[in-house]
Amino acid sequence: MAEDVVQTLYAEETRRSLSWRTAMDWTRNLSVMIVAGMAFVAFGLNGSTHYVLFFGSLAVFAQLIFEARMHRFAQASEDRLGEIEKNYFAPALDVGVSADPAWRERLAKSLLSMAPSVGFIEAIAARISKNYFVIFVALDSCWLSKLYLDPRPATSWVEFWHRVDFGFVPGWAILLFLVPFWGSFVALTVWFRLKQKYLGREVRY
Amino acid sequence: MPGQLSALAQAYAARREQVASSVATNRALAGGVVFGTIAIAYGAPGASHLVFFSALALFLLQIFASAQQSRLFALSRAFRSARGGLPAERLEGGRVAGAALAVRDAYFVLFLCFDISWLLFDFVRPTTAGSFAEYLARLRIGPLSGAGLLVFTIVFWLAYAALLAYGWSIARDVCVGGADSAIAAKLVRQLGTLAVERIPFAAEVKIWEGTRIKLNGFRLPQAGAAQALILWPGFTQNGFVFDLFPGAGSLAEYLWRRGFDVWVFHTRGTGASSGRSCRASLDDFAAFDLPAAIRFVSAKIDTPPIFVGHSMGGICALLSAMGLERLPAGPTRLSDDAAAQRQQALAGLVTLGSLPDFTFARESGLQRFVWRGIELRLLGRKLYLPVTKLLPLLRGFTFLGIPVGLRLRQALARGGALRALLAPLYLLLEFAAQLGLWEFLYHRPNVSRSARRQLFFATVDGTFWDVVQQYRQAVLRGRMLSSDERVDCSKNYGRIRLPTCLVAMELDSLADPQRMRTDLLDRLGSARKSFVVWRGVGHEDFFMDPKYFPRVEEAIRTVLGKLPSPG
């Protein structure tokens with residue numbers, strides 16, 4: 001493989017990876033703006049209900065799905081870049097570092113394969129771990145604060161439950177839904193972090 | 001290799017631009033959140049103070065900005081390294097460093113605006129609060145009382161001030177990289193292996209009381225049979241003064257690149273050396289520390305080293321070479337055997353701005369300086385800080401081992417709870433740096449602001465009461481005596497027969513060139529001695545600007561090249 005082919009591939013792959021990163025930055029920024037907008041509406045406008053925050057979280061969840069989809073392709077790009085850096089640049093810069101003999105084969109396979117190397121669940125876990133865990137913490141904090149504080153602080157748990165009521169669905173059932181929701185978030189985050197730690201997969205963005 | 005480095009540098013540059021753009025976007029969005037909050041709070045009819053819950057969004061943005069800042073700095077440094085072919089510093093820090101940089105970049109100001117708007121909102125809406133108690137009642141959010149909120153705000157701002165100080169402290173010097181810090185920290189570490197390594201060492205000094213201390217320092221990688229140099233710093237400074245800006249701005253690295261085997265020492269109680277709690281005078285340095293250091297280096301090389309001492313370092317070398325000893329009972333004396341041994345152990349001596357006899361002190365104003373103190377210009381007024389008033393402070397630093405200068409910054413970068421405690425001290429030092437306490441050390445027009453700050457933060461370290469007293473006596477009497485006043489060093493320069501190059505700086509307020517010639521050069525017993533005056537240079541300018549490095553090399557080569565007779 002000619003040197004300039006590797007260097008050109010590296011430059012182009014970098015560009016591609018940066019496009020994905022820029023796109024993911026925008027989805028994340030949009031999610032934060034949704035949180036800010038929800039807070040403005042929920043707390044700034046007279047008579048607004050807590051539903052705005054509850055349903056706002058669906059919009060943020062949609063951004064999470066979009067971002068996870070992009071993550072799969074971005075990670076494929078980053079994997080190829082890592083391969084080139086570790087096996088082409090590093091050995092060239094330091095004679096003490098040796099390249100993995102199979103790296104070119106792996107790189108070729110990666111270029112030929114149409115399927116991203118990362119599954120959708122793992123991509124979701126990656127984006128939750130990186131960004132969406134804190135975003136949902138902020139969103140749910142706003143929501144629970146709105147429930148508790150607006151229009152005046154709840155005086156009892158019963159009053160608090162009833163503020164969450166959604167038609168015939170009792171408030172406690174809605175609040176109970178938070179348990180599996182946050183349980184899955186925590187589980188995915190822990191799983192992803194452990195996988196990163198023990199399998200050595202790096203997520204660079 | 002150049003093609004590969006170029007490709008790598010381009011990739012770094014592209015990534016850096018992308019992250020810089022993300023940081024700018026983040027800043028704009030955060031500004032938008034602050035503006036939106038203020039607009040709704042003050043503009044929307046009936047808006048409650050709960051709208052300031054949007055602070056959560058601001059926090060989110062700050063979290064992401066922190067990660068971006070970490071990446072940006074890591075990438076900036078990596079880009080420069082790759083472009084230059086070397087060297088990359090080891091990546092340090094991470095999330096806290098990124099957070100500090102984000103606070104420094106934008107979030108301090110943004111949260112300031114945000115909090116002021118919030119606190120004022122409760123003060124003016126719906127009508128101006130009539131009393132503080134009413135104001136506190138308005139601040140209340142659910143179960144959290146107004147006073148509680150104010151306390152929380154104060155704690156928040158203290159933490160923010162600490163982060164701001166930390167951000168300032170690392171923005172220039174520390175290369176940060178978070179867990180997700182870009183283009184493989186591993187690779188940058190590979191690049192880092194090309195950097196000139198500082199190999200630490202520790203020379204043990206046995207003091208006659210039975211105490212042992214360690215003189216630490218660093219050596220640059222050995223380059224064959226190069227001539228060894230021992231670089232010894234001056235008063236209150238550690239060895240980092242020879243390595244002010246690793247890379248092109250380091251005198252030690254310059255000399256190493258010019259083919260010398262460079263050994264930089266931190267004097268007793270400075271840098272990483274131990275002995276802070278000892279008593280020490282110039283005699284102790286001359287009788288114990290220097291000989292031990294020279295023995296330590298000589299044991300590891302084949303040919304005798306050249307000793308290069310700056311200011312007090314040169315003075316100690318002169319005292320040591322004349323055979324100054326301290327006996328177990330305490331008194332000092334001159335020993336012929338010690339003088340012969342010590343002079344044989346060296347190939348030569350270069351002193352930079354070292355004049356033990358302050359015969360010029362009266363006319364130069366140095367005596368007045370010692371009496372009156374350091375001149376400070378504060379708010380257009382002249383104030384004088386007596387030197388003796390500073391001594392307890394220096395002594396305190398020495399006793400407590402509080403990391404001053406570089407060690408403080410290193411401690412800040414290292415992290416942990418210590419960081420929050422040290423940040424106010426750092427701010428105090430930042431303020432002290434602005435006072436120009438150390439400006440008598442250099443000629444201001446010759447040196448950059450960054451070099452002045454680096455000198456203050458990286459090298460000013462600490463000293464000993466006895467050293468200061470010995471100096472004070474020397475200045476007031478105009479000649480150098482041993483600490484117990486038994487030996488008049490000024491009368492014994494004839495004992496020094498070592499090849500010597502004396503360097504004087506024209507604008508040096510601490511060592512007058514003319515007096516150096518008459519009071520020191522003419523009295524040296526060495527047959528091979530030379531004298532150089534650097535025109536237009538102050539006491540320490542040559543550490544602070546690479547354009548002076550060749551002059552130092554020239555002085556060293558003068559000793560190596562069998563000195564010409566003084567003209």
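1. Conventions. The model is predicted, so local features need pLDDT of at least 70 and side-chain atom pairs count only at pLDDT 80 or more, while totals for chains, interfaces and linings use all residues. Residues are numbered from 1 along each chain as its sequence is written, chains are lettered from A and ligands numbered from 1 in the order in which they are written, and side-chain values use heavy atoms, with hydrogens and water left out.

2. Helices (H or I, at least four residues) and strands (E, at least two) are DSSP runs numbered from the N terminus, and two strands pair if DSSP finds at least two bridges between them. Axes are lines fitted to C-alpha atoms, for helices over the stretch in contact, with angles from 0 to 180 degrees between N-to-C directions.

3. Strand β4 of chain B and its neighbours. On one side, β2 (residues 212-219) of chain B pairs with β4(B) in the antiparallel sense over three bridges, and Arg219(B) stands opposite Trp263(B) in β4(B). Strand β3 (residues 228-232) of chain B runs parallel to β4(B) and is joined to it by four bridges, with Ala228(B) opposite Asp261(B). Between β3(B) and β4(B) the chain passes through helix α7 (residues 251-257) of chain B in a right-handed β-α-β crossover (right-handed if, with the strands pointing away from the viewer, the path from the first strand over the helix to the second runs clockwise).

4. Burial of β4(B). Five of the five residues of β4 (residues 261-265) of chain B are buried, where buried means under 20% relative accessible area, exposed over 50% and partly exposed in between, with a 1.4 Å probe and protein chains only. In a regular strand the side chains alternate between the two faces of the sheet. Here both faces are covered, with Asp261(B), Trp263(B) and Phe265(B) on one side and Val262(B) and Val264(B) on the other.

5. Strand β8 of chain B. Five of the five residues of β8(B) are buried, so the strand is largely enclosed by the rest of the structure. Gly348(B), Val350(B) and Leu352(B) point one way from β8(B), Leu349(B) and Thr351(B) the other way, and all are buried. Five bridges pair β5(B) with β8(B) in the parallel sense, with Val308(B) opposite Val350(B); four bridges join β8(B) to β11(B), also running parallel, with Leu349(B) opposite Thr500(B) in β11(B).

6. Strand β11 (residues 500-505) of chain B pairs with β12(B) in the parallel sense over six bridges, and Val503(B) stands opposite Val532(B).

7. A helix pair. The axes of α8 (residues 282-298) and α17 (residues 465-477) of chain B come within 8 Å and cross at roughly 115 degrees. The two helices are therefore roughly perpendicular to each other (angles under 35 degrees count as roughly parallel, over 145 as roughly antiparallel, 65 to 115 as roughly perpendicular and the rest as oblique). Leu282(B), Asp283(B) and Phe285(B) of α8(B) meet Val467(B), Gln470(B) and Tyr471(B) of α17(B) in this contact, contact meaning heavy atoms within 4.5 Å.

8. Two residues with positive phi. Most residues other than glycine have a negative phi. Thr236(B), in the loop between β3 and α7 of chain B, has phi near 60 degrees and is buried, with a relative accessible area of 5%. Ser311(B), in the loop between β5 and α9 (312-321) of chain B, has a positive phi of about 50 degrees and is buried at 10% relative accessible area.

9. Chain A. This chain has six helices and zero strands, and buried residues make up 47% of its 205 residues. Among contacts in chain A between residues at least 6 apart in sequence, 77% join residues at least 24 apart.
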